[in-house]
Amino acid sequence: MRNIAVAGTGYVGLSTGTCFADMGNRVTCIDISEEKINMLNQGESPIYEPGLSEMITRNVRGGRLHFTTSYEEALEDAEFIFICVGTPSGVDGEADLQYVRMAAESVAKSMNHPLIVINKSTVPVGTGDWVADIIKRSQPEPVEFAVVSCPEFTREGSALHDFMNPDRVVVGSRNKEAAEKVAQLHLPLRARIVITDLRTAEMIKYASNAFLATKISFINEIAVICEKLGADVEEVAMGMGFDRRIGGQFLNAGLGYGGSCFPKDVKALAHMALVHGSHPSLLRAVIDINRDMRRWAVFNIRDMVGGKLDGKRVGVLGLAFKPNTDDIRESPALEITRMLQNEGALVTGYDPVAMKGAGKSNPELRLAEDPYELAEGADALIVCTEWNEFKQLDLTRIKSLMVQPVLVDGRNIYDPTIMHELGFRYRAVGRTYSEPNGNGNDQ
Ligand code: UGA
């Protein structure tokens, strides 16, 4: 059993703290927001993450998990503190480090015994050294500490599973002994552990996210070429993915990546490259292709409803940036909604869990109770998030409710042949419909 403090109760902090508590450690999570800490102390999770509420309750009851707004209280017996605060995008795409700075200063002022400070937030290469400087400068009296980078690789929606079953754990520090201690914390996970220097660990995180984003933009570019040439990107991706050098994951063509990580991290890496005199042309292309997929969606809806969106009713199926989360940050659905509204379309949305946030962020967006209400009177529907519940809809009923049977499948969840048999005017990403007699047709 180790004593661990965790600063920040967002997705990363809360899942990290709760998982370490579940592994038998004593964990205290700190947040500057009293509202969040009050919620957590009443057993409510401020975020939606499958399995998290149950795991929090179990560990709070077991006396292993605590929440506080006080760094002094959290650091009283702690050997480790994980910094898991947000690093939003600044104006030029650079990571905004104000919360990391605040956390480092609070740690410095509250620590009264040696401490290992572990950066889990995604921070620009070199931030570990900067944090060490801040702590040194802000300590009222010198107390020993070491800074370690241990980037997180968990996905929202499967954060607990990913944390407990990592492909690898990366630990980087100038201080070998501190790195070994952090590695030991992870031994129960029985994962490969990569121990490296501080800056390399920070870079591994950016390079990993940028590579996954590149895979997505790559397959989206191939998808658009497939449409022109009459090939099917789903089968192309499958045929490529069996090659172990390529791998089948993150080759799902669609409306592109969103969320709080890929858009921000690719931009931040490109920014770091630029600032240091490099020309990040591949990263630029990845960003451009991702934006173009939103345009692809609007182009196809406009084209299929008769060339003009003004006054047309469009239903958006799925508002979260991906399934199994209520997170709408950089969600393709919301960007597409805005683009459609700018052209005069009347947009209604439906999502199993993300409607509250979506409605707040775009007050003009109407909300439907379910997919059938969404379809009522619609000129077009677009699938923006591949929630499982959309895969088994009664499509005949959906079609009968619509003014025009136009469906743009931005996540390729339906079978083009079935959709055409049902009488939909259907388009998907990178898939052209061929009639059984061989005639190409995408309407
Ligand atoms: C991502 C990484 O997968 C995690 O390893 C990393 O820890 C995390 O960022 C982070 O840096 O914190 P996450 O943003 O939760 O995790 O979501 P992903 O499941 O990776 O999906 C990201 C976006 O890519 C979603 O919008 C998703 O719809 C899109 N995507 C994903 C595709 O368009 N195609 C794919 O084949 C896969």
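## Helix 9 and helix 12

Helix 9 crosses over helix 12 in a left-handed way (left-handed means the near helix is turned anticlockwise from the far one by less than a right angle, right-handed clockwise). Helices here are DSSP runs of H or I with at least four residues, numbered from the N terminus. This is a predicted model, where local features need pLDDT of at least 70 and side-chain atom pairs count only at pLDDT 80 or more, while totals for chains, interfaces and linings use all residues. Residues are numbered from 1 along each chain as its sequence is written, and side-chain values use heavy atoms, leaving out hydrogens and water.

The axes of helix 9 and helix 12 (residues 281-304) come within 9 Å and cross at roughly 50°. Axes are lines fitted to C-alpha atoms, for helices over the stretch in contact, and angles run from 0 to 180 degrees between N-to-C directions. The two helices are therefore oblique to each other (under 35 degrees is roughly parallel, over 145 roughly antiparallel, 65 to 115 roughly perpendicular, and the rest oblique).

## Helix 9 and helix 11

Helix 9 also meets helix 11 (residues 262-275), with axes that come within 9 Å and cross at roughly 115°. This crossing is left-handed. Helix 9 brings residues including Lys 205, Tyr 206 and Ala 210, and helix 11 brings Phe 262 and Leu 269, among others. Sorted by class, this contact has 11 nonpolar, one polar and two charged residues (Ala, Val, Leu, Ile, Met, Phe, Trp, Tyr, Cys and Pro are nonpolar, Asp, Glu, Lys and Arg charged, and the others, Gly among them, polar).

## Helix 5 and helix 6

Helix 5 (residues 98-110) packs against helix 6 (residues 127-138) at about 40°, with the axes 8 Å apart. That makes helix 5 oblique to helix 6. Their crossing is right-handed. Val 100 and Ala 104 of helix 5 are among the contact residues, as are Trp 130 and Ile 134 of helix 6.

## The largest cavity

The largest cavity holds about 50 Å³ of space. Its lining includes Asn 119, Pro 151, Lys 205 and Tyr 206, and the largest share, four residues, comes from helix 9 (residues 198-229). By class, the lining has four nonpolar, four polar and two charged residues.

A cavity is a set of points on a 1 Å grid over the protein atoms alone where a 1.4 Å probe fits but cannot get out, and lining residues have an atom within 4 Å of a point. Points are joined across faces, edges and corners, and the volume is the space filled by probe spheres set on them.

Terms used: Contact means heavy atoms within 4.5 Å. On a 1 Å grid over the protein atoms alone, a cavity is a set of points where a 1.4 Å probe fits but cannot get out, and a pocket is an open set with protein on both sides within 12 Å along at least five of seven lines; lining residues have an atom within 4 Å of a point.
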